[in-house]
Amino acid sequence: MQSHVDEDSSSEVTEMKDPESRTIFAGVDGRTDTELPEWYRERHGDADPVTFAEAVRDLPQAVETTVAYQNPYTDEWVETERFNALVEPSRAREQARNEDAETDPLFHVPTDSYSIINPVDVYGPLEEVLREETIDGTPLGEVMFGEIRRYRGGGEVHMDIMFDGLEVRLPGRSDPITMGVTSGYDFFGEHAVYVEGFAQDGYCSNTMRSLTDKEVIKHVGDVRNFRTWWEELLAQVELVADDLFEFIRDAQDIDLNFSELPFTVTEFYTMLGFPDYLAERAAGDAEANAASPFEIDMWTLHSGATYALTHFFQGKEGASLDQYVRIANDILFNPEGTIERVEQAYEQQLEADGDDGSQASLAGERALASIERVSDDLQEKVEQFEEREDVLRERFQEAMA
């Protein structure tokens, strides 16, 4: 059975670099009768989901094989034990039968300290946990759904795993913010496995990443007990689901009045570190969803940032995306730090302009004062953010103990 769905990138707004293939899944295995939530099904059109277990077992795996080098003086090939090639076994068999096989079986040639971690090693234990852990009395395996994305010949994989019913519902919205994890691995020596808390807003299809600290296991050393790892991580995600609504509600109470600030909404995002093309998209979304385009609350500004990253980011998944995700999340979880960052960027901009005590300098001082007033107004609300974050961190540590 073919267990992946290839999507033509020209038919929809793409998320980051287009993957070589996508797999939509629902339910942990064939014993569940899970359907995609309506909001997710509408987004993915006619996708025919497979089970998570099928999808994982359809992913490429890696095995070691001997490496040799060619002696330039004798033209002989000499085997070396210092390196071993990682190849996809089914592709290697196909290449043996057919020299013109389209897909190269070689992933990577690491040193002898490399530890192979194949997808079933990681996600097989997750399947066991999902059959046992419950939400409102229902096993998580019966309400799980999401997608798997392949890159670089399947040697790099990213996936979103969500749980229907583990959610945050905002007043006035029919579709929930659904919680889960984003996870992935590669065979190229960068990271063997990673996972972090994740959510997707069904209202606008925005993705919220890095809702927990990213847990990473490298290709070197002993492979840990993945079952325990997944139990701890899922406990963290449930804790975030309990508190996310409160963070959003508090952020909705913090407004930035751009008519009184010395920069536009677009410039707000650029001063935080967004490139121009993302800042423009984020500002357009925030202004469109605010009651007034001149007075926008921090939740709406955060949502604008996640909209830009979800639908228009031109890089690839991984470190290049993570740096912008941290900026976006600070708007929601650390509004004080966000305003401080903007203030510092504006001060640097004034210094770069080289003001010389003229009228422009006086205007710059007044502008800085307006930003500082926003920071001062935030102080009374900052404590509740910090207290909630401290409590959440303590609960994380207890869950991982």
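Student: Is Thr300 buried or exposed?

Tutor: Thr300 counts as buried, because its relative accessibility is 10% and the cut-off for buried is under 20%. This is a predicted model, so the value is computed from predicted coordinates. Thr300 lies in helix 8.

Student: Which residues is Thr300 in contact with, leaving aside its neighbours within four places in sequence?

Tutor: Thr300 is in contact with Tyr269, Ala286, Asn289 and Ala290. One of these, Tyr269, is itself buried, with a relative accessible area of 1%.

Student: What aromatic pair does Tyr269 form?

Tutor: The general idea comes before the case. A pair of aromatic rings is described by the distance of the centres and the angle of the planes. A search of the whole structure finds 20 aromatic pairs. In one of them, Phe268 and Tyr269 lie 5.2 Å apart, centre to centre, with 75° between the planes. That pair is edge-to-face, because planes over 60 degrees apart are classed that way. Phe268 also counts as buried, at 0% relative accessibility.

Student: Which residues do ring pairs link into a cluster?

Tutor: The cluster linked by ring pairs holds Phe25, Phe52, Phe107, Tyr123, Tyr185, Phe187, Phe188, Phe226, Trp229 and Trp230.

Student: Where does the charged end of Arg281 sit?

Tutor: The charged end of Arg281 is over the ring of Phe312, 3.9 Å from the ring centre. Lys214 gives another case: its charged end sits over the ring of Tyr194, at 4.7 Å from the centre.

Student: At what angle do helix 8 and helix 9 pack?

Tutor: Again, the general idea comes before the case. Two packed helices are described by the angle between their axes and the distance between the axes. Helix 8 covers residues 298–312 and helix 9 covers residues 319–333. The two pack at an angle of about 165°, and their axes are 8 Å apart. Helix 8 is therefore roughly antiparallel to helix 9, because angles over 145 degrees count as roughly antiparallel. The crossing of helix 8 and helix 9 is left-handed.

Student: Which residues in helix 8 meet helix 9?

Tutor: From helix 8 they are Met298, Trp299, Leu301, His302, Ala305, Thr306 and Leu309. In helix 9 they meet Leu321, Tyr324, Val325, Ala328, Asn329, Ile331 and Leu332.

Student: Where is Thr270 found, and what is it in contact with beyond its neighbours within four places in sequence?

Tutor: Thr270 is found in helix 6, residues 265–272. Leaving aside neighbours within four places in sequence, Thr270 is in contact with Asp276 and Ala279. The C-alpha atoms of Thr270 and Glu280 are separated by 8.8 Å, and the two residues are 10 residues apart along the chain. Thr270 is partly exposed, with a relative accessible area of 27%.

Student: What is the phi of Ser205?

Tutor: Most residues other than glycine have a negative phi, and most peptide bonds are trans. Ser205 has a positive phi of about 65°, although it is not a glycine. Ser205 is in the loop between strand 10 (193–201) and strand 11 (206–208). With a relative accessible area of 15%, Ser205 is buried.

Student: Where is Ser210, and what is its phi?

Tutor: Ser210 is in the loop between strand 11 and strand 12 (215–217). Ser210 is not a glycine either, and its phi is positive, about 55°. At 21% relative accessibility, Ser210 counts as partly exposed.

Methods. Residues numbered from 1 in each chain as written. Predicted model: local features only at pLDDT ≥ 70, side-chain atom pairs only at ≥ 80, totals over all residues. Heavy atoms only, no water. Phe/Tyr/Trp six-rings, centres within 6.5 Å; stacked < 30°, edge-to-face > 60°. Buried < 20%, exposed > 50% of the residue type's maximum accessible area, 1.4 Å probe, protein only. Lys NZ or Arg CZ within 6 Å of the ring centre and 35° of its normal. Axes fitted to C-alpha atoms, helices over the stretch in contact; angles between N-to-C directions. Parallel < 35°, antiparallel > 145°, perpendicular 65-115°, else oblique. Left-handed = near helix turned anticlockwise from the far one by under 90°. Contact = heavy atoms within 4.5 Å.
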